[in-house]
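This report describes selected features of one protein model and its ligand. Please look at the sequence and the structure before reading on.

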Amino acid sequence: MARETSLEINDLVWPLFACEGKRVRKPVQSMPGVDQLSVDELSREAEKAVRLGVPAVVLFGIPARKDPRGSGAYAKDGIVQRAVRELKKRFPTLVVITDVCLCEYTSHGHCGVVQRKGGSFTVANDPTLKLLAQTALSHAESGADVIAPSDMMDGRVKVIRGALDGHGFQDTPILSYAAKFASSFYGPFRDAAESPPQFGDRKSYQMDYANANEALREVALDIEEGADVVMVKPALGYLDLVYRVKERFGCPVAVYNVSGEYAMVKAAARNGWIEERAAALEILTGCKRAGADWILTYWACDVAGWIGS
Ligand code: PBG
């Protein structure tokens with residue numbers, strides 16, 4: 001009764017990876033318990049989430065083919081578009097959030113359009129915006145409840161908001177990955193999404209982990225551009241920002257307990273060095289205590305089982 005913070009099932013968002021094929025369940029080596037799932041299997045997993053009371057999932061797609069402009073991201077019959085249609089048909093009350101980014105769909109693995117200049121390259125901000133807006137719109141048209149841009153291009157929330165509003169999706173909210181840091185903790189996710197950059201890194205568009213004031217400016221810009229929920233990512237090294245964002249802006253705040261943070265606990269638990277359930281609940285309660293309203297976690301269904309019974 002004296003506990004100040006209670007982690008609730010209603011706080012959780014479960015990330016899922018959709019891939020092509022039928023009856024496919026391809027385990028991600030670096031993320032025990034996480035699989036790439038064909039749409040039929042994805043639907044089975046979603047059913048589990050619904051049964052356990054997990055309110056929301058966030059979808060990532062692994063297309064059959066990748067190309068330099070990431071055309072699979074905004075294809076009408078793309079993998080995420082088909083997955084959303086299926087989930088919304090079967091589970092109308094499940095909140096389906098879609099990650100909007102190009103890196104899972106580009107052959108070079110960057111989150112935007114690459115322009116080469118002599119021996120070097122840049123990820124071109126403005127030419128990327130159009131493709132992101134197209135992606136967001138195609139997700140909304142497929143039935144996505146919330147659009148979540150994770151690319152970190154400047155100005156993308158405004159452009160996506162405009163595209164949604166212009167096509168009758170004024171009521172579709174945007175969950176912006178607002179303060180997303182260039183982090184080594186995304187490594188296992190890039191295995192899962194088959195999206196490591198083929199050259200260079202993401203430091204020209206994702207943030208320097210040393211910068212907190214810059215993160216607050218990024219968040220302020222996204223809110224001004226129309227973000228409804230703002231995200232801090234990763235979680236563990238960044239809970240100071242979750243706290244500051246919540247204090248300063250008072251808007252709904254999400255935090256992403258990312259793949260590497262999950263994998264570390266899994267690996268230690270497998271070695272008998274840490275107790276998974278206790279560690280996971282401690283981490284996620286810490287996220288809530290810091291001020292997060294939505295917590296994206298690969299443990300979502302596990303937590304629902306642990307605290308729901
Ligand atoms: C796509 C994206 C990434 C993650 C979420 N969306 C990878 C990246 O930016 O490299 C990472 C999630 C995780 O590590 O669990 N841009």
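## Contacts with the ligand

A polar contact is a pair of N or O atoms within 3.5 Å; within protein, one must be able to donate a hydrogen and the other to accept it, and residues adjacent in sequence count only if both atoms are side-chain atoms. Glutamine 206 has a polar side-chain atom 2.9 Å from an oxygen atom of the ligand. For arginine 202, an N or O atom of the side chain is 2.9 Å from an oxygen atom of the ligand. Serine 150 places a polar side-chain atom 3.3 Å from a nitrogen atom of the ligand. The ligand exposes 400 Å² when taken alone, and the protein buries 100% of that; such areas come from the Shrake-Rupley method with a 1.4 Å probe, and for residues only the protein chains shown count as cover.

The model is predicted: local features need pLDDT of at least 70, side-chain atom pairs count only at pLDDT 80 or more, and totals for chains, interfaces and linings use all residues. Residues are numbered from 1 along each chain as its sequence is written, and side-chain values use heavy atoms, with hydrogens and water left out.

## Residues around the ligand

## A hairpin

Strands here are DSSP runs of E with at least two residues, and helices are runs of H or I with at least four, numbered from the N terminus. Strands pair if DSSP finds at least two bridges between them. Strand 6 (residues 113–117) pairs with strand 7 (residues 120–124) in the antiparallel sense, over 5 bridges. Arginine 116 stands opposite phenylalanine 121, and lysine 117 has serine 120 as its bridge partner. The hairpin has 2 residues between the strands, and glycine 118 takes a positive phi near 60 degrees there.

## Two loops

Proline 234 is in the loop between strand 10 (229–233) and helix 7 (239–249). Arginine 23 lies in the loop between strand 1 (12–19) and strand 2 (25–27). Although arginine 23 is not a glycine, its phi is positive, about 50 degrees.
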